[in-house]
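Subject: Two-chain model for you to look at

Hello,

Here is the structure I promised to send over. Please open it alongside this note, and then read on for what I found.

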Amino acid sequence: MSDTHAESIAFVRESSLPPAAPPDKVGGPLKWVKDNLFPTWANAILTLVALYFLYLLLAGSLPWLLNGVWSASSLSECREILDGASGACFSVLSERWHQLLFGFKYPSDQYWRPTLALVLLFLAAAPVLFIDLPRKMLLFTGLYPFLAFWLIWGGPIWGPIFALLGVVAGYIVYSRLVQKSFAMALAGGIVAAVIVWYVGGFIGEALRPASPLLEAIPSRDLGGFMLNMMLGITCVSLSLPIGIALALGRQSHLPIVKGICVVFIEFVRGVPLITLLFVANVMLAYFFPPGSGVDLFIRVVIMITMFSSAYIAEVIRGGLAALPKGQYEAADSLGLDYAQAMRLIILPQAMKISIPGIVNIAVGLFKDTTLVSVISLFDIIGMIRGPILASTDWNGVYWELFMFASLLFFIVCYGISQYSQWLERRLATDHR
Amino acid sequence: MTTFSDPPKASFRPSMLLSDTRYRSITFQVIALALLVTAIWYLGSNLAANLRAAGLNISFQFLGNPAGYDINQTLIPYTSQSSNLQAAWVGIINTLLVSFLACVTATIFGVIAGVLRLSNNWLVRKLMAGYVEIFRNIPVLIWILIIYTIMTAAMPAPSAFRGDDPASTMMLGSFAFTNRGVYIPGPVWGPGSMIVMATFVASVIGVFAYRRYATKLLYDTGRLLPMLWPSVAILLLPTIIMFFIMGMPIGLDYPALKGFNFRGGIQIGAPLIALWFALSIYTGAFIAENVRAGIQAVSRGQSEAAAALGLRPGRVMNLVVLPQALRVIIPPLISNYLNITKNSSLAILVGYADITATLGGITLNQTGRAIECVVLLMLFYLVISLGISMVMNVYNNATKLKER
């Protein structure tokens with residue numbers, strides 16, 4: 001084509017012109033505002049209504065927030081400082097800071113212990129949450145539960161040490177036998193662990209020091225946001241393996257096993273958590289051997305774990321059902337037995353599908369730990385409704401306290417859900 | 001040539017219980033059953049021993065005894081002399097009431113927020129995202145407490161409505177927002193009002209019949225009858241005419257300040273409102289996400305194809321997009337309803353007399369019958385939950401994609 005006009009064209013530009021700026025009406029912020037805020041009449045009205053609503057919200061809350069008083073020792077003093085002006089009494093937070101975080105019975109000279117446990121928690125959780133970190137860090141994750149238990153409850157160090165030894169012994173037996181048969185390895189591991197715990201109980205009793213390194217703190221002294229965190233983390237991590245077992249049981253072809261799992265899951269999912277907490281509070285003690293006196297914290301952990309494992313089981317069952325049948329058949333055709341097929345082929349994929357659901361359950365469960373305030377445990381809500389609002393100094397400071405609690409929960413829950421979205425993208429292996 | 005090998009004829013050996021898949025499943029089931037029976041026996045014997053030690057027994061006699069406490073909101077006759085069973089019934093009806101109300105409003109909130117999250121208006125989209133994130137990430141228990149505090153600490157007392165220049169006035173002269181609850185006008189049923197209500201029920205049935213007939217006509221003959229206006233007319237006209245024929249038997253009773261409190265009308269107590277509003281705005285955030293996911297799940301090609309067939313936008317929505325979106329929306333919606341019902345048990349925090357507060361709270365504490373009360377309580381919620389999931393299964397089967 002270009003040859004045709006080769007002689008008729010006098011000048012051919014050899015370099016391209018720099019692009020001209022678009023006209024004002026098709027680009028720039030004005031265009032954005034018109035497209036996104038005022039495209040049609042109805043939309044413009046919607047925008048104005050939304051703007052007015054925002055104005056009302058900010059006009060109502062900003063003066064109150066910015067005019068907050070941070071240094072007063074009681075509500076009346078705070079009102080004196082404010083002198084009729086609108087303002088928040090944030091001083092309740094600074095004055096009751098430790099009560100909100102640790103409860104009102106935890107010895108104040110020991111606050112460093114739960115704080116250290118929290119810091120170490122990040123270190124322990126990091127390799128689980130971020131799969132790019134060195135796998136050696138998982139060793140610390142394995143140690144963490146025992147360390148955290150010792151830090152928070154204190155007492156003789158032999159308890160956690162023998163608990164750890166039992167787990168190690170169980171793991172060694174398991175890894176020796178797992179080549180032969182998974183079921184045998186599992187049973188052998190459990191037996192070995194129980195033996196070590198049983199023997200360790202006697203040795204620990206004999207070695208009991210006169211004054212332990214860390215002062216023992218009974219679990220009824222735990223409280224505040226610490227209690228919410230402890231319940232949430234303990235119950236979610238305990239309920240994951242139980243949930244997997246229940247989901248596999250519900251999927252299995254053995255009618256009795258399946259029946260047991262279905263009845264358990266449907267029963268737990270059918271009742272509100274609060275009734276299960278009532279069970280923990282008033283009923284569960286009847287089911288333990290007379291005189292064993294299992295304390296309320298453990299009873300609550302048992303019931304919440306039951307609750308969340310049923311929900312997690314349903315999520316994982318969804319993941320198992322979503323796997324194409326070919327995966328099961330491929331595992332069979334490789335000659336893998338049930339345990340191998342599950343561990344190596346099915347569960348890794350099913351768990352990946354289930355991550356968003358499991359995170360939802362975890363977030364929901366963490367929010368539900370506030371329910372323990374109903375059975376008179378002093379978690380953060382229990383502290384606010386009980387000792388703080390009932391005290392003469394701070395009777396009537398609702399908003400600041402509820403706002404603080406909401407903020408804590410929002411940060412944690414929003415953080416977890418953002419993490420799960422990141423993980424989903426990170427694990428995405430399909431080519432989209 | 002293929003040669004078929006005979007199935008192993010070896011006789012049964014005990015080692016086959018573990019190594020042969022035919023017998024192994026039986027082994028595992030026997031082990032599971034044995035463990036279960038042992039666990040039940042162990043827990044049961046502990047229970048029996050503990051009860052014997054405490055001198056207790058399991059008995060449901062207490063249900064017939066007088067409850068001995070008052071309940072602030074009763075929809076069925078109840079006095080403090082009524083039995084514990086009657087108190088439990090009051091609680092059940094209150095639970096169902098607040099759950100039903102919260103389901104309706106949560107759906108409204110959720111649908112509005114979910115649709116607005118997909119709006120092309122940037123500001124509205126962001127506001128709704130903020131609503132969803134804030135309400136989903138903060139425990140419902142805190143929301144109940146916050147709204148209850150607004151109801152009781154921030155609303156004026158009834159005495160603020162007194163005097164020539166009162167601090168607060170009733171909205172539209174008929175709604176009073178006080179710290180004891182909201183007072184609204186209530187209906188007064190005169191003689192003949194039953195006939196008006198019966199007419200209304202008949203009109204509702206008539207509307208359904210008309211729409212069925214119109215659809216059938218459309219499918220059979222292709223004739224399109226107008227839908228909207230005839231439906232409205234069938235729904236309202238007969239009732240209005242009957243209302244005037246019977247001489248206006250249904251009136252309104254307005255609340256009025258008498259003494260220290262409002263009298264007349266319907267009082268909606270602060271606990272009910274706090275629970276109702278908190279549950280619906282909290283669950284609304286979850287429903288909003290379901291609605292958004294459901295609408296986004298219908299691929300764009302579907303609405304484009306419908307438009308290409310010449311359907312008008314309203315029909316595209318009604319006949320093509322909504323039926324497909326609802327398939328995705330309804331199952332999580334129903335499980336959200338279930339969550340509302342279960343979360344309504346938090347009523348005990350704000351003193352609303354639901355089943356958890358009557359049977360699981362006061363009755364339990366007064367009679368000391370912990371096991372019986374908690375078991376009955378769980379049974380009630382279990383029946384509700386299983387009932388709702390049965391409905392859900394029926395729905396799922398009815399709308400399942402028919403695949404071959």
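Let me begin with confidence: chain A has an average pLDDT of 85, and 97% of the residues score at least 70 (pLDDT is the predictor's confidence in each residue, from 0 to 100). As that implies, this is a predicted model, in which local features need pLDDT of at least 70, side-chain atom pairs count only at pLDDT 80 or more, and totals for chains, interfaces and linings use all residues. Residues are numbered from 1 along each chain as its sequence is written, while chains are lettered from A and ligands numbered from 1 in the order in which they are written.

Helices (H or I, at least four residues) and strands (E, at least two) are DSSP runs, numbered from the N terminus. For chain B the average pLDDT is 83, with 94% of the residues scoring at least 70. Among its elements, helix H1 (residues 16-19) of chain B has the lowest mean, 70, and helix H8 of chain B the highest, 91. The model as a whole scores ipTM 0.86 and pTM 0.85.

**The two chains**

Chain A has 17 helices and zero strands, whereas chain B has 12 helices and seven strands. The radius of gyration of chain B is 29 Å, well over the 22 Å that the globule rule gives for 404 residues, so chain B is more spread out than a compact globule. Along the principal axes, the C-alpha trace spans about 105 × 80 × 40 Å in chain A and about 100 × 75 × 50 Å in chain B.

Buried residues make up 30% of the 432 residues in chain A and 29% of the 404 residues in chain B. Here a residue is buried if 20 or more other C-beta atoms lie within 10 Å of its own, exposed if 12 or fewer, and partly exposed in between, with C-beta atoms placed from the backbone.

The domain assignment, which is automatic or from a database, gives chain A a domain 1 (1-63) and a domain 2 (220-432). Their C-alpha centres lie 48 Å apart.

**Where the chains meet**

Across the interface, 40 residues of chain A are in contact with 47 residues of chain B (contact means C-beta atoms, placed from the backbone, within 7 Å). On the chain A side, two or more residues come from each of helix H2 (41-66), helix H11 (255-270), helix H12 (273-283) and helix H17 (398-427) of chain A. The largest share, eight residues, is from H17 of chain A. By class, that side has 32 nonpolar, seven polar and one charged residues. Ala, Val, Leu, Ile, Met, Phe, Trp, Tyr, Cys and Pro count as nonpolar, Asp, Glu, Lys and Arg as charged, and the others, Gly among them, as polar.

H12 of chain A deserves a look: 11 of its 11 residues are buried, so this helix is largely enclosed by the rest of the structure. Its cover includes helix H13 (296-322) and H15 of chain A, together with helix H11 (355-367) and helix H12 (370-399) of chain B.

**The nonpolar core**

The largest nonpolar core has 155 residues, of which A:Leu277, A:Met303, B:Ile144, B:Ala274, B:Leu275 and B:Ala278 touch the most other members. Such a core is a set of buried Ala, Val, Leu, Ile, Met, Phe, Trp, Tyr and Cys residues joined through C-beta atoms within 7 Å. Leaving aside neighbours within four places in sequence, B:Ala274 is in contact with B:Ile144, B:Ile147, B:Tyr148, B:Met151 and B:Val350.

**Two loop residues**

A:Gly223 lies in the loop between helix H9 (182-207) and H10 of chain A, and counts as buried with 24 C-beta neighbours inside 10 Å. Its C-alpha atom is separated by 5.0 Å from that of A:Phe378, 155 residues apart along the chain.

A:Ser376 sits in the loop between helix H15 (338-368) and helix H16 (380-390) of chain A. A:Ser376 has a positive phi of about 55° although it is not a glycine, and counts as exposed, with 10 C-beta neighbours inside 10 Å.

Best wishes

Key: Contact = placed C-beta atoms within 7 Å. Rg over C-alpha atoms; globule rule 2.2 N^0.38 Å.
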